[in-house]
Amino acid sequence: MSERAATVPAAPRTPPAAAAVPGPRAPSSRWKAFGAGLVAVLSSYALAIVLLLLLLVLTFFGTLEQTHTGLLEVQRRYFESVFVIHDVGWFSIPLPGASVVLTLLALNLVVGGVVRIRKRRATVGIIVAHLGILLLLAGSFVEWLGSDKGHVTLFEQQSSAEFSSYHDWELVVRERADATGAGGAATEHVLPSRRLMGLERRDVVRFTSPRLPFDVEVSHWAANTEPERVNGRGEDVVDGWRLKANDLEKEAERNLPGALVSLRGKGGGPARARTLVWGLHELPWVHEEDGRRFEVELRKVRWPLPFRVTLERFVKEEHPGTRMPRRFSSYVVRTEDGVDVRAHITMNAPLRHKGYTLYQSGWGPQDAGPGTRLFSTFSVVRNPTDRVPEIACWVIFAGLLWHFVAVRLVGYLRRQAATRDAGKRGKKEGA
Amino acid sequence: MTTRCAVRRPSARVASAGSVAVAIVVGLGLFAFARTGDAKEGYGEGRSAAPAYVPWSADVLDVAARVPVQDGGRVMPLDTFASYTLLGVAHRRSTKTADGTRIGGTAWLLDVVFRPEVARRHPCFQVENDETLDAVGLAHEGKKKRDLYAYDDLLPAKDRLRDLASAYHKRPSKSLSPVEGGIVDLHRAMVTFERLAALVDFARAPVDLSGAPALASHFGGRTAVGAAEFLERSGALAPLLASDDPHAGVHGAPPAPAAVPPGAARVAAALSDRARSATGLALLPPPAHLKSIEAWLTPGDALFYLLQGVALPELMNAQLVALARMAASPSDPRAFAAAAEDLRAAGEATSRARGEYGGVALEVTLNRLDPFHRAPHLYLLAFLLVAAGWLVSARWLRGVAWAVLLGTLAFHVVGIVLRCLIRERPPMSTLYDTVLFISGAGVLALAVAEWLDRRGIALTMAPLFGWLGLFVAGRYEALRGEDTMPQLVAVLDTNYWLALHVTCIAIGYLGGLVAAAIAHVTVLGRVLGFKRADPGFYASAARMTYGMLAFGLVFAVVGTILGGVWANDSWGRFWGWDPKENGALMICLAQLAILHARLGGYLKAFGVAMASVAQGMIIAFSWWHVNHLGIGLHSYGHTQGVMTALTIFYAVEGAVLLAGFVHLGLRSGRQPAGAGPAA
């Protein structure tokens, strides 16, 4: 059984904010005016229009950018950032990031579209639609914060009780209870992905744990690397090899990060041992010290599943006479508390259980001939707001339908009928 | 009295002029409609000294059109296959023979398969630009851009084309230049032609049985036997032909033991060579009791079975014999028609028994009705009638215009319904489907708008909208040159989501597009000073623009979110910033911004119209452009023609907006300071 115990130096605490000192009372009217002005701006149509247009422009630029930059990078730069600079030829256009725009839009919706909007029959639909959009935004925010997304790949008859990330990596120092490395219990010390993924080549991060006899220092991190043979020495050269930093791949899953890992004495001192860790290494690096055995490994972030899943059979059907896939089907067994439950996962029909959802997402080998053992890849998602968008969708639909049909269209038809009647009456009276 | 006469005379003149105008426009419309038949099998006059083309009889064309075949994973009538194969080669639905006779897809295919020596002189290969010909060393003096070439014209460059195309095949299609793409397309078209031209090569020459007495004894000792006659006795001959041919084993059949009588091995080897070229079209359905075998057989497959000693099922053998008879009698119309009927009847019987024929009969009906190529002409006729109504204020004319419009719409809808029934799918599952649906639904929406607000604006726009939509559909079909009812990839195999998400988003598109169409009336009308004295006209246009924007918004928002919900069900993520998702979001944002700006008083009628025109460009971006960026989950590959058309569309719409801004500037310049209303 593994224990995941990550210890990282605590970030220096920021001093508590100074308590508000009662001073001479400011003229309340000024604050009131400021507050009223702020509320007026936050609830204004003008702000809503500006934010909608900004989001439109960001989405447009973010779409075009995908023609030469990977989706993950575009997401990070345009949609999850606070600020973005988009280059169009010689011009650079500064824009707020989508996260800022969406936050302000949510605020504008709450203040202007729900709280301050006139509450009457004619605005009921609009308020409902606004609430639906807020629900959608809130669901997306919770998903962004609290969901795990990864995959598990299984050959037929293979099983797993965990899944791994597509593109987030973590550094693991594993201590085996059995110093021969023959197996047995192990304790894992994890340097989490969030500490690694943003590192620059020049950054050094030290990783310490009272259970380890050394500190782990990570340096020369690069998000996409390949080993190269070098003559001579260098601070990032180990046994004549170093990791060359490459440009990021367009598809983030294809990036292979790497770093130099040095094991140093507690509190500093020279390196006792050094190694290069690389995303494509199949086996961990082993370090033995005082009769204890440690394994160091760079791997995709992993999460446990609350059940075990076994792939019994994978079936790929093609349209007759073509190589076009018609259906992918995985026949799996879900095992939980010793009880086996059979399930069928196919496109548009995932397996949902205990807050986790397994989707059919891939298969292989692509060049498989008859009799080849196939594997199936499942996307695995733990998303507490899995069903929120659908609910929000119907709430918005109901609101908009009420407003545009029951209020606006019916109102228009009534007015038109009244005008026609008035016209007829006028003609009669005239006659 | 005098006054009355003075009033009457001009109106009589107007009526008379109007009647002439009506006669002209109706005549033009009928002429346009009559021309729709041109694309079908025609028998035009020759134009040059080339040998006179002998057309296929109407009976032959009718029978051949109904032969069931399997291609792209689905069963369809030969007519459909022929039509899109010709589109893939010529990028048009009909072509000309060497002597200038215009022929349709089925006649062309029959020529290629049964009279290749004639077909190779048909100028039917479209070459997009001269540089493609330069690249393969072909002369093109006197030819224009997008001119057509015969197979014989291209033959000298065949090897060069093959070498270049195989080199370009190794590269991603997106990285190919238009010339390189043109080379790949031209090579593909030539290979298609060659494969079809070789389909019945196996039956063109008699089977040589000299030195194979055991086989010859079945034919009274004759040593040269026609292929049809030989195949008629295939049941008895199969065991004698069984060999361990290295090409045996198609569809997993075990090779037969090699107990071959003297001379039969040579006959089998010769037949095997013939079989190898007969793989261009799968038109032999396996027997009904072997329904688990979904792939139909080509004549070559069937011959390989025969060479392994497998006696072919009766109906399949009958089809093979019929093909051989057709190959032997292309110049004997009666014999050819009888053989074609046998081929069709046997194919229909087997495919019916397999439960695969239902869609074929419907598709034959659809092809005969041909609504999507005839309706544009009818929409044009409806528009001309409406236009005539501007000249003559006659109730009956308006009634006729309404009748033609609604009749054409019904015709259009029948086409969509037939496609749904054939595919057993909701109306939209491909980009082409969306054009058919949006143009039809747009006409309906405009007709409803006209019924609500009887100003003639929507009635004028409706036939134009329908015509433009079907024109785009036709151009796209010709550009792609593929089956417009293809099988769907695994992720799209869900009628629930196709019906829900795709329909909603398409209605969202159409709402916005109809709003944009009506907005053009406002912008261009104001710019050109049309109906200046009739503010009610513009108020009406503004009402309809607003109504259509609101209608579009409801469905665009719901469709966009439902797309995310579908993605969540299929891939486990609601929103992935995929270009198609982004496009849909951009439409929602644009429509929301316009409606909020209108509500907040920032935009008046003219401003809303201008913004709606811009919003139409965003819809074009989302609907078409993102699919051709070569990225994301909805990428349809690089299609040069689509991007060119989009560029023209953006330029035209940009010009409309520019004209609107100039008008706005001039208007505010004329008004005294402080008196100008918001746009």
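This tour goes from a surface patch to salt bridges in both chains and ends at the cavities.

The model is predicted, so local features need pLDDT of at least 70 and side-chain atom pairs count only at pLDDT 80 or more, while totals for chains, interfaces and linings use all residues. Residues are numbered from 1 along each chain as its sequence is written, chains are lettered from A and ligands numbered from 1 in the order in which they are written, and side-chain values use heavy atoms, with hydrogens and water left out.

**Stop 1: a surface patch in chain A**

Select Phe141(A), Val142(A), Trp144(A) and Leu145(A), which form a nonpolar patch on the surface with about 440 Å² of accessible area together. Patches of this kind join nonpolar side chains (Val, Leu, Ile, Met, Phe, Trp, Tyr) within 5 Å, and like charges within 9 Å, from residues with over 30% relative accessible area and no salt bridge; the areas come from the Shrake-Rupley method with a 1.4 Å probe, and for residues only the protein chains shown count as cover. Leu145(A) belongs to helix H5 (residues 124-146) of chain A, where helices (H or I, at least four residues) and strands (E, at least two) are DSSP runs numbered from the N terminus. With a relative accessible area of 58%, Leu145(A) is exposed, on a scale where buried means under 20%, exposed over 50% and partly exposed in between (1.4 Å probe, protein chains only).

**Stop 2: salt bridges**

Over all chains, the structure holds 63 salt bridges, each a side-chain nitrogen of Lys or Arg within 4 Å of a carboxyl oxygen of Asp or Glu. Select Glu175(A) and Arg292(A), whose side chains meet in one of these at 2.6 Å, N to O. Glu175(A) lies in strand E5 (residues 159-176) of chain A and Arg292(A) in strand E14 (residues 292-318) of chain A, so the pair ties together parts that are 117 residues apart in sequence. Glu175(A) counts as buried at 16% relative accessibility, whereas Arg292(A), at 29%, counts as partly exposed.

While chain A is in view, select Glu170(A), Arg174(A), Arg176(A), Glu188(A), Glu288(A), Arg293(A), Glu295(A), Glu297(A) and Arg299(A), which are linked in a network of salt bridges.

In chain B, go to the side chains of Arg423(B) and Asp433(B), which form a salt bridge of 2.9 Å, N to O. Arg423(B) is in helix H19 (residues 395-423) of chain B and Asp433(B) in helix H20 (residues 431-452) of chain B, so this pair ties together parts that are ten residues apart in sequence. Both Arg423(B) and Asp433(B) are buried.

**Stop 3: the cavities**

The structure holds four cavities of 30 Å³ or more, a cavity being a set of points, on a 1 Å grid over the protein atoms alone, where a 1.4 Å probe fits but cannot get out, with lining residues having an atom within 4 Å of a point. Grid points are joined across faces, edges and corners, and a volume is the space filled by probe spheres set on the points.

About 100 Å³ of space lies in the largest cavity. To find its centre, select Leu78(B), Leu110(B), Phe114(B), Leu283(B) and Leu343(B), the closest to it of the 13 lining residues. The largest share of this lining, four residues, comes from H4(B).

Finally, select Phe202(B), Val207(B), Ala227(B), Phe230(B), Leu231(B), Leu271(B) and Leu303(B), which line the second largest cavity, with a volume of about 40 Å³. Helix H11 (residues 227-232) of chain B gives the largest share of that lining, three residues.

Conventions:
1 Å grid on protein atoms, 1.4 Å probe; cavity = no way out; pocket = protein on both sides within 12 Å on 5 of 7 lines; lining within 4 Å.
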